[in-house]
Each structure stands twice: as C-alpha cells, then as structure tokens.
Amino acid sequence: AASLASKLKGRILLQVERKRFDRTLERRILTAMIVSDRFLKDIKGMWNGELLSGKGGQLVAGWCMDYFDQYAKAPGLHIQDIFEHHSSKGQVSPEEASFLEGLLGRLSQEYERVDKLNTDYLLDQTEQYLKAQSLRRLMEGVKGALDVGDPIGAEAQFKEYKPVNRTTSMGLDPIADADAIREAFEQDEESLFTLPGALGRMMNQQLKRGAFIGFMAPEKRGKSFWLMEVAMRAYRSRGNVVIFEAGDMGKRERVLRTQSYIHQRPVGGKKRAVKVPVLKDEERGLVECEEREVEPLTWKEAYHGSVKWAGRMKGKHLKVLLYENSTLTISKMRADLDRLEYFEGFIPDVVVVDYADIMIADDVRKDFRHQQNDIWKGLRALSQHYHCCLFTATQTDAASYEADTIRLKHFSEDKRKYGHVTAMYGLNQTDEEKEQGILRIGEILVREGRFSAFRQVNVLQCLDIGRPYIASFSSTSP
C-alpha cells in the first residue's frame, strides 16, 4: 500500500511539473508569435490554436494569426491596441484579461532582445509540443469513445487525426523547392555578438547560431581568458549565456576573474604598477605600453560595482555551472540545459565550455582517442540542437611549445576534432610578445567564408586587469 501511494504521489507530481512546463512553453510560444515575423510564417502550416491549453493563449494566438494574414508580419507592441479594442467590446473575459495583462507585462523585456530570439530552437519545441498536445487529444477521444462502448467512434478518431508537421512532404528539394530556397536566403544570418577592430573583421562572420568554435593553444596561453571574453561579449550583447566550468577553475577563481574583468583591476595584493598596451595607430601597428598605478579590487568595491553594472544588463542572463575535473559529460550538459529551460525558461544563445579536454565521454569503455572524438561530436550536436553558438578550447601537442605559430599539425589526441568545429583559432605568443602584452590569433580552420592559415591578428591584452582583449590590428604570420 505504501509503495502504491508513493507511485501515485510521484505521478501526480510529474503531472503538476509537466503542466507547469507546458504553461511556460506556451508563454514563450505566444511571445514569439507577438514579436517574430519568421516564427509566425514558419508555424502557419502546422498551427492549431485549439491545442493551447488556456483560453487566454488561444485568444492571443488567434489575434496574431489574423494580424499576420492581413499584414504579413507580427503585431509586435500593437498587440496592446488589439487587446484594448477587443476588451472595449466585451469580448475578453476577466480570466482572459488577467492572463493577457501578465503576458503583456513581460513583453517589453522580451521586445528588448527580439533580435536574439532563438527562433529555430523555439520552432522545434513548438512542433514537438503541438505534436504531443495533438496526440493527447487523440488518446482522450479514443478513450472517451471506448468508455461509452463506441468502437466505431474510436476508429473515427484515428481516421480524422491529422499529424502535426512543419513540412508537408518528406525530405528536402534544394533545387526546385521555392519556399526552401527563399527561406534559406531570407533567414537572418547576423552574428549573435561582435568583436571590435581587426579581430572582429576576422571572426565576426563565424559568430552565428549553430556555430562550434574552438581556441587551440599550449598550456597557460590564456584559453580560459578568451572563453570568458566571448562569454562576456555575448552577455553584453543581450544574449543568454551559459558557461560550463569543467574543472579548470574553482568557484573562487571564477568569481575573482569575472570581477577583475568587469572592473579592469587586479585582485589581491597591494597597489602596484601595471603595464597596459595602447594602440596608437592601427594601420601602422604602432603600440605603446603605459605604466599605471592600480589599486587592487576589494570585495565591497566589486560587489557594489557589479550590482550597478548588472543593472545595465536588464533582460540578459549569464549562468555559470561548475563541475569537478573529469566529471562533466555531454549527457550532463544536456540534462542541465534542459533543467534550465524547464525551471527557468532559460534557452542559451551562447554556450561556453571551459574546456573540452577535461570533459569525459559518456562511454569510457572506448579507446581514449575515440572518447575524445565522441566529446567533440557531442558538442557539435549541442550547438545544432539548441541552435546556439558554442565555444570551447583544446590543448596543442608538445611540438607547439617550440613553434611561433600554431598550425593544423599541432593538434593533440585526435585530429577528428577539426571535422566537428565550424572554426578553430590558434593563440600564438612568443616570450617577447608576452612581455609587450601582444597575442596573435590565427585561423587554423574555417569551414565557411574566406580563410587563410597565414592570416593572423595582433591583439593587445593585459591579463593583470582581467582583459584578454583591449584592441587589435592586422598582421601576417612570420
């Protein structure tokens, strides 16, 4: 009896959690219908507003579809006028009005980052949700007919059932399918965030949804600093960012490094002189080092400054998930990303893994080289599934320690990692360049766009104040 009661309780809790997640997902679907032209266009063929669970949601969805049919675009903030128009005619019940007021109250925050809406992932989620809802309705109809002894009515439910699909046929015809061709050309390919200067001119076209980008360098070359740099740039560009700390840094070091980055000051110790490189002339590559007396950051300054800084990041979210060394797997990453979405409605635009070499494979029975390949394949699959831009880093081989510039041959463990990334960049630095605060970032492999293994950009940096990127200018390899 106790076991049965426990199972029933578990089922009830599961149903409650599912309904909670369904409501959250429905709100995201409705928000996308309000703000995104492309979302409305892509769901039109599979849409059935009756599959939404609430009357308020069905009402908003109907307004959005009607608006799109008439004007070929999403209503945007005009949805408020539509709501007021229908309310004035008594066409909105008090319960529906309460739901709509809550939805519209959150809309302004979403509208600020409409350009970062993860449309592809939300379309996938919407299709799966509508499929599930449609099948639940089918099961309820069949069960209802059978419960009253009507097998013919149950069969009729199957005959009338129409599967939910975004496409009307199997496969893709990239030659003669006008809709597919038009959508491919019209689909927004803007970068999720940008880097300034010469480095941006080299890298920005790669910083898109679905990209998988790696930094490759020997030990202590600044890989973690660069992973933090792209994470903070994406965060400052109104992106949802999650950092998976795979064990290279602990909680304390992660906090201190982040605070140093925000405030551009060292942490710990006493007041000291710091050499900061300054780009005087980008065209000629003229660099001068300025020596500055800098007070180290205190925790009170860090806290108050961070609160003020975070206040300017309204509507943006940065998550850091920490793991012990050699415990992070692809399956754990998927589970944690699913939990973030389930409980917080957090869908990442940018994922940073610091870093792939200290992850472990889900199947550790394989040869180590094949385990590494599985990890890189899994990371690529994550970038595709969540339609996010994913960054990680990897160590080079022993020969790279004597090389001025990292090349394709300097991979470690398994060269197949090149086959999974969309771009790989090498972090190059001689002892003299390190003293001057200069790092060279070079293209090792780029899947799309112009690319040269000899193309490099000089980057000015000062790690003492937490900044791996201050300015940049073009160069060629030595």
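I began with the rule for pairing: two strands pair if DSSP finds at least two bridges between them. Helices (H or I, at least four residues) and strands (E, at least two) are DSSP runs, numbered from the N terminus.

The model is predicted, so I kept in mind that local features need pLDDT of at least 70 and side-chain atom pairs pLDDT 80 or more, while totals for chains, interfaces and linings use all residues. Residues are numbered from 1 along each chain as its sequence is written, and side-chain values use heavy atoms, without hydrogens and water.

**Entry one: strand β7**

Strand β6 (residues 350-354) runs parallel to β7, joined by three bridges, and I found valine 350 opposite cysteine 389. Strand β1 (residues 212-217) is also parallel to β7, with six bridges; there, isoleucine 213 has phenylalanine 391 as its bridge partner.

Buried means under 20% relative accessible area (1.4 Å probe, protein chains only). Cys389, Phe391, Ala393 and Gln395 point one way, and Leu390, Thr392 and Thr394 point the other.

**Entry two: helices α10 and α11**

Next I checked α10 (residues 223-236) and α11 (residues 251-263), whose axes come within 11 Å and cross at roughly 60 degrees. Axes here are lines fitted to C-alpha atoms over the stretch in contact, with angles from 0 to 180 degrees between N-to-C directions. In contact (heavy atoms within 4.5 Å), I noted residues including Phe225 and Met232 of α10, and Tyr261 and Ile262 of α11.

Terms used
Buried < 20%, exposed > 50% of the residue type's maximum accessible area, 1.4 Å probe, protein only.
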